[in-house]
Number of protein chains: 2
Amino acid sequence: MAHHCYFNGTILPADETRIHITDLGLLRGYGLFDYFRTYNGKPFQWDWYWERYTTSAALLGIPNPIAKETAQRIVHELIERSGLSDCAIRFVLTGGYAADSISMTQPNLLIISEDIHPVAEPEYLTGIKVMTYDFVRDIPTIKSIDYKHLMILQPQLKSIGAADVLFHHEGRISELSRSNVFIVQNGKLITPHRDILFGITRKTVLALADGVIPVEERDISLVECCTADEVFTTSTTKKVLPITQIDDHVIGTGKIGPVTQTLLEKINLMVDKW
Amino acid sequence: MAHHCYFNGTILPADETRIHITDLGLLRGYGLFDYFRTYNGKPFQWDWYWERYTTSAALLGIPNPIAKETAQRIVHELIERSGLSDCAIRFVLTGGYAADSISMTQPNLLIISEDIHPVAEPEYLTGIKVMTYDFVRDIPTIKSIDYKHLMILQPQLKSIGAADVLFHHEGRISELSRSNVFIVQNGKLITPHRDILFGITRKTVLALADGVIPVEERDISLVECCTADEVFTTSTTKKVLPITQIDDHVIGTGKIGPVTQTLLEKINLMVDKW
């Protein structure tokens, strides 16, 4: 649930925040977002998320209308108003209103405080099932609002009991719909390095793996992924979550593996002390 | 400019119509639209547009919430309220509101009356310039709201004086950002048959060409297009509009060609009597 929303200068209850129908996000899919959460009331990896938000905006050609310090002040006010010990924050930046339905004049920026939807604890032990899907996200380095493929696939995911899709194309895997993917094979931690959104939790995990296990950022074939010792996914809400089934292939023991376990403990320790 | 807007059961001035920020069109790019205009106050090719709208909805997995007869009644009321002799009508259908920002419950349907933005008459003689761009629209048979590539390219188009992009991929052309493409070569009218949105004006022109010139629907290479005798584009607002320059290549005489002229006259005659 959304709590409060900053919209072009004003903070209102999210329930009361509405956007005019000529918004280019709505009419032309011309928008991006970013999403982070707090731990102990403090935004996690704020500098990195801010950097990614401004990079997305630059790549999409939407001028970012707000200074970092102002954004930070708004985020803190939203956290305070939420009344929660921890909450999630969503930035949504669109091309703004267009009377002719196509020409950008001034962007619209929304900053929304929301409930966190954490992964249920047992899922960290059992892991999740994913469904393979031949696709590369359109301009994957941008955190655009374009999730039409995932939305179309939702009934199918539900029917087979899969939690998400694993995108692959021309034999290579890239990412899940909203998270990155890692494999553990022959004592190495490996993650794709292209055709992906560069996740902040991905970056955090790569840093946490330093000194624990050798790391490679490179292409991973779908076959290599399906036959890996361990597979896991990383995201803001999922942290380090095992993937224990890909279509009909069970990964490893079908439970969380030792490297995944170690990295999950490390990130849990990190966020506890954030 | 938008005039009035039907939104889930109510017609209001478009100025006053706002959508809540949890709409999946806005948050997840999960939406489609359709767009048609009236001639002599009557919706042009209404049956065909309705069919395409419902097809898009089915392909995108968004349940169409309205019966054809109801939609038709609303469209007529919007036309009447616009007070204009002719207007454009835009349907926008999204995945609706999602408290969790991802799960569809009930779609949102907007039906908006708008000003028509016709092509300036001299452009029918001089034609337009287009810029080639290597791309295939994502799920091209759906009239989704996804126009991010066009939006990103707009400054570049403006700087080189191009009116639109011509999408091509692996040597084949497909369409413009919001319209179809035809070429005339060796006394034949040829238009791509795949990786396109099947335009209603495309369909109308194919019918009008019957008996005038042999027609082929097939792959067209970019080279074939650039060396064609005539090239034109078709859309709801453009009707039959010559393309006289592709990047640096001038097409034919650099003015409207005889087949384009004939088809433009035929569609003008048709809409005059609509």
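# Briefing: a two-chain predicted model

His20 of chain A stands opposite Arg18 of chain B, which lies in β3(B). The structure is a predicted model.

**Relation of the two chains**

**Contact between chain A and chain B**

- The contact involves 36 residues of chain B and 36 residues of chain A.
- On the side of chain B that touches chain A, at least two residues each are supplied by β1 (2–7), β3 (18–20), α1 (24–28), β7 (108–114) and α5 (148–160) of chain B.
- By residue class, that side of chain B divides into 19 nonpolar, 10 polar and 7 charged residues.

**Domains of chain A**

- Chain A is divided into two parts, domain 1 covering 2–114 and domain 2 covering 121–272.
- Taken over C-alpha atoms, the centres of domain 1 and domain 2 of chain A are 26 Å apart.
- Domain 1 of chain A brings 18 residues to the contact between them, and domain 2 of chain A brings 12 residues.
- On the domain 1 side of this contact in chain A, β4 (31–39) and α2 (46–60) each supply at least two residues.
- β4(A) gives the largest share of that side of domain 1, with 8 residues.
- The residues on the side of domain 1 of chain A that touches domain 2 divide into 10 nonpolar, 5 polar and 3 charged.

**Sheet in chain A**

- An open sheet of 6 strands in chain A has the order β2-β1-β7-β6-β4-β5, with antiparallel pairing.
- Its edge strands are β2 (10–13) and β5 (42–43) of chain A, each of which pairs on one side only.
- Within chain A, β6 (residues 88–94) and β7 (residues 108–114) are antiparallel and joined by 7 bridges.
- Ile89(A) has Ser113(A), in β7(A), as its bridge partner.

**Strand β7 of chain B**

- 7 bridges join β7(B) to β6 of chain B, residues 88–94, and the two run antiparallel.
- In this pairing of chain B, Val92(B) stands opposite Leu110(B).
- β7(B) also pairs with β1(B) in the antiparallel sense, over 4 bridges.
- The bridge partner of Tyr6(B) in β7(B) is Ile111(B).
- β7(B) is mostly covered, with 7 of its 7 residues buried.
- In a regular strand the side chains alternate between the two faces of the sheet.
- Both faces of β7(B) are covered: one side has Asn108(B), Leu110(B), Ile112(B) and Glu114(B), the other has Leu109(B), Ile111(B) and Ser113(B), and all are buried.

**Nonpolar core**

- The largest nonpolar core has 148 residues, and the members that touch the most others are Cys5(A), Leu110(A), Ile111(A), Val130(A), Leu110(B), Ile111(B) and Val130(B).
- Beyond its neighbours within four places in sequence, Val130(A) is in contact with Ala162(A), Ala163(A), Asp164(A), Val165(A), Leu166(A), Leu176(A), Ile243(A) and Ile246(A).

- Leu157(B) is found in helix α5 of chain B.
- Leu157(B) counts as partly exposed because it has 18 C-beta neighbours inside 10 Å.
- Residues up to four places away in sequence aside, Leu157(B) touches Met131(B), Ala162(B) and Val165(B).
- Leu157(B) and Val130(B) are 27 residues apart along the chain, and 8.2 Å separates their C-alpha atoms.
- Gly83(A) is found in the loop between α3 (68–82) and β6 of chain A.
- Gly83(A) has 10 C-beta neighbours inside 10 Å and therefore counts as exposed.
- The C-alpha atoms of Gly83(A) and Pro122(A) are separated by 28 Å, with the two residues 39 residues apart along the chain.

Technical notes: Residues numbered from 1 in each chain as written. Chains lettered and ligands numbered in written order. Predicted model: local features only at pLDDT ≥ 70, side-chain atom pairs only at ≥ 80, totals over all residues. Domains from an automatic or database assignment. Contact = placed C-beta atoms within 7 Å. Nonpolar A, V, L, I, M, F, W, Y, C, P; charged D, E, K, R; others polar. Core = buried A, V, L, I, M, F, W, Y, C linked by C-beta atoms within 7 Å. Buried ≥ 20, exposed ≤ 12 C-beta atoms within 10 Å, placed from the backbone. Pairing = 2+ DSSP bridges.
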